[in-house]
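Let's take a walk through a protein model together.

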Amino acid sequence: MMNSLFDVTRVAAQVGGKEILFETGRLANQADGAVWIQCGGTVVLVTVCSQPMEREADFFPLTVEYSEKMYAAGRIPGSFFRREIGRPSERETLVSRLIDRPVRPCFPKGFKDEVQILASVLSAEPDNDPDVLALTAASAAVMISSIPFNGPVAGARVGRVNGQFVLNPTLKEQEQSDLNIVMAASKEAVVMVEGEAEFVPEDVIIAALNFGHDAVQPLIEAQETLRAQAGKPKMAFTPLENDEALTRKVEALCGEKLAAALTVPEKMKRKDARKAVKDEVKEALAADPDYAEDPSPLAQLGDIFAALEKKIVRRRIKEQGLRIDGRDTKTVRPITIESGVLPRTHGSAIFRRGETKSLVVTTLGSSTDEQRVDSLAGDVTKRFMLHYNFPPFSVGEVKAVRVSRREIGHGALAEKALKPILPSAEEFPFTLRVVAETMESNGSSSMAAVCGGCLSLMDAGVPISAPVAGVAMGLIKEDDEFIVLTDILGDEDALGDMDFKIAGTADGVTAVQMDIKISGIDTEIMARAMQQAKEARLHILGEMARAMPGPRAELSKYAPQHEEVMVNPDIIRLIIGPGGKNIKQITSETEASIDIDDSGKISIFAPTKESLELAKTMVLYYDQRAELGKNYLAKVRKVLEIGAIVEILPNLEALVHISQLDVNRVEQASDVARVGEEMMVKVIEITGDRIRASRKAVLLEEQGIPWNPEDTARPSSSRREGGRRDGGERRRR
């Protein structure tokens, strides 16, 4: 629909029982492409701009930034400056990756203009998550721009509630779902998968992806309609073809030597062998008279070498069934496992698979260590965190050390894989942090983080429900033929067509992530990859079980000691004290972390058993309870006509009736009891929160006369009448 007054174009699509609206022409008209996408109360604006690079680049300079504006949910940012500034949140980074991964392969190979896609959430409601809308709108924005693009693609979230698939489930439906998969699809096939599951069988994952692919087709059609109505003419772009003569010459110079170099099993030795071959070819071509006058074709050498390597590796796999390191297509690399390698950590493990090695450490903490995140849904807390690090030395490089988007993404995937096996907070009230340090990398380091993370949790004594392992699958596809590769190397990832990571237990899948470099993959390929991955996963789980049959029975002596106590909720204010004085004193003297619930449940986390006992004693000091028949040294707090109010324990008072002040008759309570003085009393009655005590009973015991409850029965009615009057006033006060 075209609105001539504002030049606004709108196209709507019905998906999953909801209307999704595409709009362009109202906002950001100076961008090359801009799309407003809306579903219910959720609105995302996505723009795309491009410009030629000022210098030559050997990569496609695409940047994708997704941002959530707090005003979208009617909230003010919690930062000091009260604005969205600084580095993106982890959520924003992960969604940026979700958009980048399916969109990037749609740009034609060889296109080197700088492209920037910006997605901003302008309005948000809980029932419509903006992430998959942003992915779809990014595709739509590039579709209507002048930038060449082999799209469209569309995003969706697939859940499963009570055995039925649900497209773009609400938050409530997600809580009930045993599946949460974000996917992107083109008209022909699935192009990206990212998700988690609760031990779901492989065939259910495949069915979910088929369901999602069929369900998003109206979004594909809507983008094509929007392009037809409001799209700009595409800029001229001719992919640069490699010089055929130079390609033949390079292949003749190094074909056999490069093929031999690509059979060296060790990564670094193979890298050196390849470099030696390339350097030899460069020297030969530099002296070649054909390029003496015009050496410009030699600028293509990098691309020619890459194409030749890809051709050699793929042909060897296809014709001989042999991979770079000599394995067949299904064999998992050799595995070694060490546990308890770090003496002072709470749990640690080294997991090695081939030339990929990960040192993974588990740390236990209290609920005060939970991660708190400021999000559109409000302040969110996480009791389990997995952080993945990829230092440059792990691949023998020199680079700046920083947390990259890739590290955040791999950590999130491993976290999803392990989360379903963790005990609940009620069973195991610790906050859990797992850190995976990649020590050496030659492919599938994120899945090493999953396996090592599981082992480190068990080494820490965390009672997981079942072990989890993960493996990365690759693909060689030419025409209608395809070969699935198990446990891919780094070079096989670079030279192949797919990186499909699958993690789970022996019973089912807990996390998946798939990226492809071709137009899409069909159900047959995914099913083969899932089945092959299951066989590999069971093998890896067997190796893990041999190294570590189950979680350790006890926590490390260096792990926090924990105990829960229940106190009267009314005395919580006393434990905290004015301005937190009392609780600060307890934590300072014991180094304990103390979590207080309004119900009266107090969780104590302490570094040692001794400090735990001390913290427990200091907390219960404010919640001491009287025992019937026990003597207490009490202090007189108030003198009444009917007797005296005494403090028998900290913050615990009792009434000593005038008839119980002495063995002899007492005319006035003030004759025996004076404020501030101490007296020994016996607790003779406890009724609810009311306590009666007797000094008379103690005096009789001192004379050798045992206490007889009948001797301390309630006083006569005349005494009680006065008592009720004054006692009633005391209770009201």
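We will look at a sheet and its helices, then at a pair of neighbouring strands, and finally at some rings.

First, some ground rules: this is a predicted model, in which local features need pLDDT of at least 70 and side-chain atom pairs count only at pLDDT 80 or more, while totals for chains, interfaces and linings use all residues. Residues are numbered from 1 along each chain as its sequence is written, and side-chain values use heavy atoms, leaving out hydrogens and water.

Start with the sheet. Strands of a sheet pair through backbone hydrogen bonds, either parallel or antiparallel. Here an open sheet of 8 strands runs in the order 9-8-10-11-22-21-19-20, with antiparallel pairing. Helices (H or I, at least four residues) and strands (E, at least two) are DSSP runs, numbered from the N terminus, and two strands pair if DSSP finds at least two bridges between them. Strand 9 (164–167) and strand 20 (481–486) are at the edges with a single partner strand each, so one side of each has no neighbour in the sheet. From one strand to the next, the twist averages 20 degrees.

Now zoom in on strand 21 (residues 498–504) and strand 22 (residues 509–516), which pair in the antiparallel sense over 7 bridges. Met-498 stands opposite Ile-516 in strand 22. Helix 12 (residues 523–547) packs on the sheet, touching strands that include strand 21 and strand 22; contact means heavy atoms within 4.5 Å. Helix 10 (residues 445–459) lies across strand 19 (469–478) and strand 21, at about 155 degrees to strand 19. For such angles, axes are lines fitted to C-alpha atoms, for helices over the stretch in contact, and angles run from 0 to 180 degrees between N-to-C directions.

Next, find strand 14 (residues 356–365): 8 of its 10 residues are buried, so strand 14 is largely enclosed by the rest of the structure. Buried means under 20% relative accessible area, exposed over 50%, and partly exposed in between (1.4 Å probe, protein chains only). Strand 13 and strand 14 form a hairpin with 2 residues between them, and Gly-354 in the turn has a positive phi of about 65 degrees. Strand 14 also pairs with strand 18 (residues 431–440), antiparallel over 9 bridges, where Val-361 has Val-435 as its bridge partner.

Finally, which residue has its charged end over the ring of Phe-390? That is Arg-406, 4.3 Å from the ring's centre. The rule asks for NZ of Lys or CZ of Arg within 6 Å of the ring centre and within 35 degrees of the ring normal. Arg-26 likewise lies over the face of Trp-36, at 4.6 Å from the ring centre.
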